[in-house]
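Here is a friendly walk through one protein structure.

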Amino acid sequence: MLAARGFVAHLMPTLCATPVLAFAVNALGAAAGVMVTASHNPPGDNGYKVYWRNAAQIIPPHDAGIAAAIDAVEAREGTPPALSVDAARARGLLRDVPASVESDWRAAVLAERVHPSAGATVRAVYTAMHGVGGATLMAAFERAGLPAPH
């Protein structure tokens with residue numbers, strides 16, 4: 001829909017964890033980021049989440065203002081004709097997010113460690129019930145030299 005309206009949209013190359021999306025907003029200098037959530041999330045979390053240009057999730061009343069602006073454009077201009085992925089890419093309106101964004105995120109996270117040398121003694125349990133963060137977490141643990149979580 002963004003490309004059909006003439007906006008450049010960046011597409012993550014794979015499923016990603018929410019913190020990676022927020023990081024990508026800053027890394028790409030994007031106006032916003034959209035995280036589409038799946039039905040396996042708790043019902044109140046389904047749909048999509050929007051992260052503003054500061055990489056923070058929007059909250060009321062800004063969410064209602066954005067929704068009203070979208071509705072006003074739709075009322076004034078209608079729904080634009082669909083634009084295929086290939087056509088959007090050919091026009092430069094759909095671009096892949098470089099894989100380096102996720103590795104840069106991991107590096108930024110690891111740079112925040114207070115005691116990096118204590119990693120070998122850390123034992124952790126990963127208990128995500130929802131989401132796609134497992135692969136991202138495992139890669140971060142590996143890069144930090146930590147044993148895999150249980």
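Let us start with helix 5. The buried residues of this helix are covered by parts of the protein that include helix 1 (18-28) and helix 4. Keep in mind as you look that the model is predicted.

Which residues of helix 5 are buried? Helix 5 spans residues 134-144, and its buried residues are Thr-136, Ala-140, Phe-141 and Ala-144. Looking down the helix axis, you would find these buried residues within an arc of 135°, so they line one face of the helix. On the other side of helix 5, Ala-135 and Glu-142 are exposed. Just after the helix comes Gly-145, which takes a positive phi of about 75°.

Arg-106 sits in helix 4, which covers residues 100-111. Is Arg-106 buried or exposed? Its relative accessible area is 15%, and because buried means under 20%, Arg-106 counts as buried. Leaving aside residues up to four places away in sequence, Arg-106 touches Thr-136, Ala-139, Ala-140 and Arg-143. Two of the names in that list, Thr-136 and Ala-140, also belong to the buried residues of helix 5.

Now for the charged side chains. How many salt bridges does a search of the whole structure find? The search finds five salt bridges, and the table shows some of them.

| Salt bridge | Distance, N to O |
|---|---|
| Glu-77 and Arg-5 | 3.1 Å |
| Arg-76 and Glu-77 | 3.3 Å |
| Arg-89 and Asp-96 | 3.2 Å |

The salt bridge between Glu-77 and Arg-5 links distant parts of the chain: Glu-77 is in helix 2 (residues 62-77), while Arg-5 is in the segment before strand 1 (9-11), 72 residues apart. Glu-77 is partly exposed, at a relative accessible area of 48%, and Arg-5 is partly exposed too, at 26% relative accessibility. Arg-76, the partner of Glu-77 in another salt bridge, is exposed, with a relative accessible area of 60%. Which residues are linked in a network of salt bridges? They are Arg-5, Glu-74, Arg-76 and Glu-77.

Arg-89 and Asp-96 also meet through their side chains. Arg-89 counts as partly exposed at 35% relative accessibility, and Asp-96 counts as partly exposed at 45%.

Val-34, Val-36 and Tyr-48 make a nonpolar surface patch of about 330 Å². Val-34 belongs to strand 2, which runs over residues 32-37. With a relative accessible area of 46%, Val-34 is partly exposed.

Finally, step back to see the whole protein. It has five helices and four strands, and from the N terminus on, the elements run β-α-β-β-α-α-β-α-α. Along the principal axes, the C-alpha atoms fill a box of roughly 60 × 35 × 25 Å. The protein has 150 residues, and 24% of them count as buried. Its accessible surface comes to about 9900 Å², with 61% belonging to carbon and sulfur atoms. Among contacts with a separation of 6 or more, 59% are between residues 24 or more positions apart.

Terms used:
Residues are numbered from 1 along each chain as its sequence is written. This is a predicted model: local features need pLDDT of at least 70, side-chain atom pairs count only at pLDDT 80 or more; totals for chains, interfaces and linings use all residues. Side-chain values use heavy atoms; hydrogens and water are left out. Patches are made of residues with over 30% relative accessible area and no salt bridge: like charges are joined within 9 Å, nonpolar side chains (Val, Leu, Ile, Met, Phe, Trp, Tyr) within 5 Å. Accessible areas come from the Shrake-Rupley method with a 1.4 Å probe; for residues, only the protein chains shown count as cover. A salt bridge is a side-chain nitrogen of Lys or Arg within 4 Å of a carboxyl oxygen of Asp or Glu. Buried means under 20% relative accessible area, exposed over 50%, partly exposed in between (1.4 Å probe, protein chains only). Contact means heavy atoms within 4.5 Å. The arc is that of the directions from the helix axis to the C-beta atoms.
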